[in-house]
Amino acid sequence: MSRYATFVLFLTLGIAFQLSHGTEVTVVDKDNQLCLFANLMVNFSVSYEVADNKSATVEFELPTKVTTDESTCGATSSTLKLNFGEGHSWSVNFTINGKMYQADTIIFSYNLSDTTVFPNSVLNETETVAVKPRITDVGVDTCYSCKSKDMIEADKVNQTLWNVLIQAFVSNNRTSENITSCPADVPTTTVAPTTHAPSTTTAAPVTNSTTIAPSPTTTPTPTLPTPTTGKYSIKHDENSTACLIANIGLRIGFKQEEMNFDPNGTKVSGSCGVNSSELILMSNTMTIMLTFTNDTKKFRLHALNITGKTSSGVLFSEANTNLSLWEAAVGTSYMCNKEQNYTITSPLALYTFDLQVQPFGVKNGVFSTAEECFLDSDLSFLVPIAVGVALSFLIILVLISYLIGRRKSRTGYQSV
């Protein structure tokens with residue numbers, strides 16, 4: 001039995017959150033030409049903490065009245081961002097590859113201080129969850145259609161998409177009449193078995209032959225250059241200084257493939273809270289969400305969620321919500337200039353270079369005094385020395401034991 005007593009609330013929030021018949025939006029580019037169209041329904045189920053170590057679950061739908069501020073259209077990447085209620089947003093990032101496009105990441109941010117939606121919440125922060133949608137292989141100049149319900153599960157949040165009609169990268173200022181349907185909407189055809197009459201023709205003898213395919217040639221993985229260090233910051237609003245700052249070079253390893261994260265053109269978002277802060281980095285091929293927490297004395301990287309596509313075209317989505325990395329005192333920054341590598345999940349590895357991060361207690365938008373990692377400290381050079389001394393001591397000890405044993409052996413053979 002869970003240690004939290006859970007109860008479920010279903011919200012019918014009048015004007016703010018009505019049961020929608022589909023949220024329809026359009027986005028235009030800098031030339032006021034239609035570039036993105038969407039008509040869809042999204043159901044949310046969110047669990048959150050209330051008093052007495054209990055949890056509550058609230059369910060609501062994406063309302064019909066939303067704004068599309070911060071939605072963007074580009075030649076190879078577009079973002080649809082729907083803002084609603086008191087500080088909530090739902091966004092999806094699209095990328096194009098040749099004659100196909102896909103949705104790379106869905107990011108849902110919800111404001112726990114909105115008491116209309118989250119009554120009795122003990123937290124007053126904005127939480128963010130990033131997930132990988134199943135919208136792939138959509139033909140350019142076609143609309144993606146999916147009437148079936150598609151639930152995407154994540155920690156504390158479930159999202160169900162249905163009655164979806166989306167076209168990213170709209171051309172000629174109008175939506176296409178061509179449709180790419182999701183697999184769930186495509187009917188399956190059962191082919192009846194065919195009965196053949198017995199043949200009176202004498203079959204020719206069958207000769208078995210085996211063709212041996214040539215062994216594939218293994219191409220060595222090229223050595224990657226050191227990744228470019230990105231400089232990122234989050235502000236409460238446009239008129240305030242940074243509340244979270246991070247300088248970091250990132251390399252992602254997925255299975256046997258590694259790729260550097262390019263900070264150029266990266267979209268940066270996130271939030272700053274009292275006990276939890278988030279930094280979200282979104283490039284054309286990857287979305288990285290870092291969640292930091294603190295216990296009032298020390299902060300740490302608590303969760304990491306990465307979705308993306310490798311250079312070979314493999315899609316992946318991996319997360320770990322039980323980390324304890326980059327720990328330092330609240331009011332200071334954590335710094336490690338040397339390369340560090342971490343196994344986040346079985347197939348996912350994270351490599352960091354020239355790292356300095358401060359998610360809490362930032363003053364005047366600059367880093368506070370840094371707590372260095374062991375690799376950067378002056379004591380790191382003592383490790384090989386200590387190992388050398390220990391090995392030398394062990395060799396001397398073995399030698400002494402050998403000499404003593406040999407001497408006793410010789411003594412035992414002396415004549416009486």
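Me: How many aromatic pairs does the structure hold?

Reply: Rings of Phe, Tyr and Trp (its six-membered ring) pair if their centres lie within 6.5 Å; planes under 30 degrees apart count as stacked, over 60 as edge-to-face and the rest as tilted. The structure holds 13 such pairs. One of them, phenylalanine 254 with phenylalanine 316, is stacked, at 4.6 Å centre to centre and 15 degrees between the planes.

Me: What should I know about the model and the numbering?

Reply: This is a predicted model, where local features need pLDDT of at least 70 and side-chain atom pairs count only at pLDDT 80 or more, while totals for chains, interfaces and linings use all residues. Residues are numbered from 1 along each chain as its sequence is written, and side-chain values use heavy atoms, with hydrogens and water left out.

Me: Are phenylalanine 254 and phenylalanine 316 buried or exposed?

Reply: Buried means under 20% relative accessible area, exposed over 50%, and partly exposed in between (1.4 Å probe, protein chains only). Phenylalanine 254 and phenylalanine 316 are both buried.

Me: Why is the pair of phenylalanine 299 and phenylalanine 360 called tilted?

Reply: Their ring planes stand at 50 degrees, with centres 6.4 Å apart, so the pair is tilted. Phenylalanine 299 counts as buried because its relative accessibility is 0%; phenylalanine 360, at 5%, counts as buried too.

Me: Which side chain does serine 77 join through a polar contact?

Reply: A polar contact is a pair of N or O atoms within 3.5 Å; within protein, one must be able to donate a hydrogen and the other to accept it, and residues adjacent in sequence count only if both atoms are side-chain atoms. The side chain of serine 77 joins that of asparagine 93 at 3.4 Å. Serine 77 counts as buried, at 12% relative accessibility.
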